[in-house]
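Subject: Structure handover

Hello,

Here is the structure I said I would pass on. My notes on what was found in it follow below.

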Amino acid sequence: MALAVTSSSSIVFSSSNRTEQGVQFNSSNFQPSDRSNRSPAAFNLSQKRSAAVKPLNAEPKRNDSIVPSAATIFAPDVVEKSVEVVDIEKLAKDLENSSPLAIMDKALEKYGNDIAIAFSGAEDVALIEYAHLTGRPFRVFSLDTGRLNPETYKFFDEVEKHYNIRIEYMFPDAVEVQALVRTKGLFSFYEDGHQECCRVRKVRPLRRALKGLRAWITGQRKDQSPGTRSEVPVVQVDPVFEGMDGGPGSLVKFNPVANVAGNDIWSFLRTMDVPVNSLHAQGYVSIGCEPCTRSVLPGQHEREGRWWWEDAKAKECGLHKGNLKEESINGNGNGNGNGNSAADIFESQNIVNLSRTGVENLVKMEDRKDAWMVVLYAPWCPFCQAMEASYVELADKLAGSGVKVGKFRADGDQKSFAKQELQLGSFPTILFFPKHSSRPIKYASERRDVDSLMAFINALR
């Protein structure tokens, strides 16, 4: 693989490669110093690749005619060095409250050429900026699934030119992709879920990439997906994948921005004038493959733009499967568990908490005194949480108007009933019960802001 580094190709990847004018760091205060007097060669990778190369992540060659896996791409030779044994528990504790820049610097210092940044083509470009600011050599890899947006490919090119690096692209196995598409078609994930396609196009290429590393760096944040990422630490032993030494515990995972809010990431990108994916300006927040990603609407959580057709508590593609709780995996990610530990939402004196009996009576009534707006929800669902403020505001506005606002918790034991009797497809589902009709009307739009919900009600009452 090509190395995304900011040093000459003959450099030895160790902490001794920084000069005095580089980065000054201590545990309490870490910031880049003036590097204006430093030679460009100390940061920029030569355009000429080394002729003496050796395979990275090498696997046995295939005997078929299909091109070999991306794991057979080459990288410049590096000098062998002894591997430092790292106490991950102690390191995680030491870095728990550190800045992303300090965490990045420590990661690159300890693992040198045996660590790489996983870059998805979204706001995780911040990781590359942090690595650049440390003044240390660094590598970047990305998974090219073959289904990315054109804007993302253009963004990759911009990033390479901006930082004068080469991203190590990993590709899915052509035979596996061919078998999947010939057997199930190009869009099978719309019918039977995204996991199979992600496994072929993302998870297995990632597994090959990580087998050539001892550590990797991700852009996971706790606020990205409350259902799966709320407990992401800044450093951890990877619970799913293995590194070059093989076996459980052989790979370390750094999450430098785990404790950073999304808006703070964007403030950093704007301040540092970092290039960003043009899809963000079109309303995309979380960006993946083109068929499985769309822009989010007002009142929606950022992960709701991914695999939107699925009723999933755990919207993960498998790259960070270790985030999933056991009940999510056993429940097929559909929130079949009771989720009793989650705090309730939609709490307001103007929102009626309906019981199973209450909802059944509401369905049976053909001549109601008032019209009703009811949300079918699960308190653990990040998309329900995202619309909580707008729904509470709607209830306040409708107080005394002749339209009552209610909620019905439809997960766990109530989910089967809600699917059969209340048109539940995914959380949240919003229903309007007119005064003189027993049949509830389902709100089809995913715009969950107050104005959109009010327009829906006004059109029916």
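In β13, W372 has K404 as its bridge partner. That contact belongs to a parallel pairing of β12 (residues 371-377) with β13, which runs over seven bridges. Strand β11 (residues 351-353) is also parallel to β13, joined to it by three bridges, and there N353 stands opposite K407. Strands count as paired when DSSP finds at least two bridges between them; strands themselves are DSSP runs of E, at least two residues, and helices are runs of H or I, at least four residues, both numbered from the N terminus.

Before going further, note that this is a predicted model: local features need pLDDT of at least 70, side-chain atom pairs count only at pLDDT 80 or more, and totals for chains, interfaces and linings use all residues. Residues are numbered from 1 along each chain as its sequence is written, and side-chain values use heavy atoms, with hydrogens and water left out.

The sheet around β13

The strands above belong to an open sheet of five, in the order β11-β13-β12-β14-β15, with mixed pairing. Its edge strands are β11 and β15 (441-442), each of which pairs on one side only. In general, strands of a sheet pair through backbone hydrogen bonds, either parallel or antiparallel.

Strand β13 (residues 403-409) has five of its seven residues buried, so the rest of the structure largely encloses it. Buried here means under 20% relative accessible area, with exposed over 50% and partly exposed in between (1.4 Å probe, protein chains only).

Helix α14 packs against this sheet: its buried residues pack against β12, β13, β14 and β15, and also against α12 (388-398). The buried residues in α14 are V450, S452, L453, M454, F456 and I457.

Aromatic pairs and charges over rings

A search of the whole structure finds 16 aromatic pairs. The rings of F408 and F417 have centres 6.2 Å apart and planes at 85 degrees, so this pair is edge-to-face. Rings of Phe, Tyr and Trp (its six-membered ring) pair if their centres lie within 6.5 Å; planes under 30 degrees apart count as stacked, over 60 as edge-to-face and the rest as tilted. F408 counts as buried at 2% relative accessibility, and F417 is buried with a relative accessible area of 10%.

The rings of F432 and F456 also form an edge-to-face pair, because their centres are 6.2 Å apart and their planes at 75 degrees. F432 lies in strand β14 (residues 429-433) and F456 in helix α14 (residues 450-460), so the pair ties together parts that are 24 residues apart in sequence. Both F432 and F456 are buried.

The charged end of R147 sits over the ring of F187, 5.1 Å from its centre. For this, NZ of Lys or CZ of Arg must be within 6 Å of the ring centre and within 35 degrees of the ring normal.

The cores and F119

The largest nonpolar core has 45 residues, of which F119, I217, V235 and F254 touch the most other members. A nonpolar core is a set of buried Ala, Val, Leu, Ile, Met, Phe, Trp, Tyr and Cys residues joined through side-chain atoms within 4.5 Å. Elements that each supply at least two residues of this core include α1 (88-95), α2 (100-111), β5 (115-118) and α3 (125-134). Its largest share, seven residues, comes from α3. A second, separate core of 42 residues includes L354, V375, L376 and A378.

F119 is found in the loop between β5 and α3 and is buried, with a relative accessible area of 3%. Not counting residues up to four places away in sequence, F119 touches D124, V125, I128, V140, F141, S142, F155, F156, V159 and I167; contact means heavy atoms within 4.5 Å. F119, Y153, F155, F156 and Y169 form one aromatic cluster.

Whole-chain figures

The protein chain has 14 helices and 15 strands. Of its 461 residues, 51% are buried.

Regards
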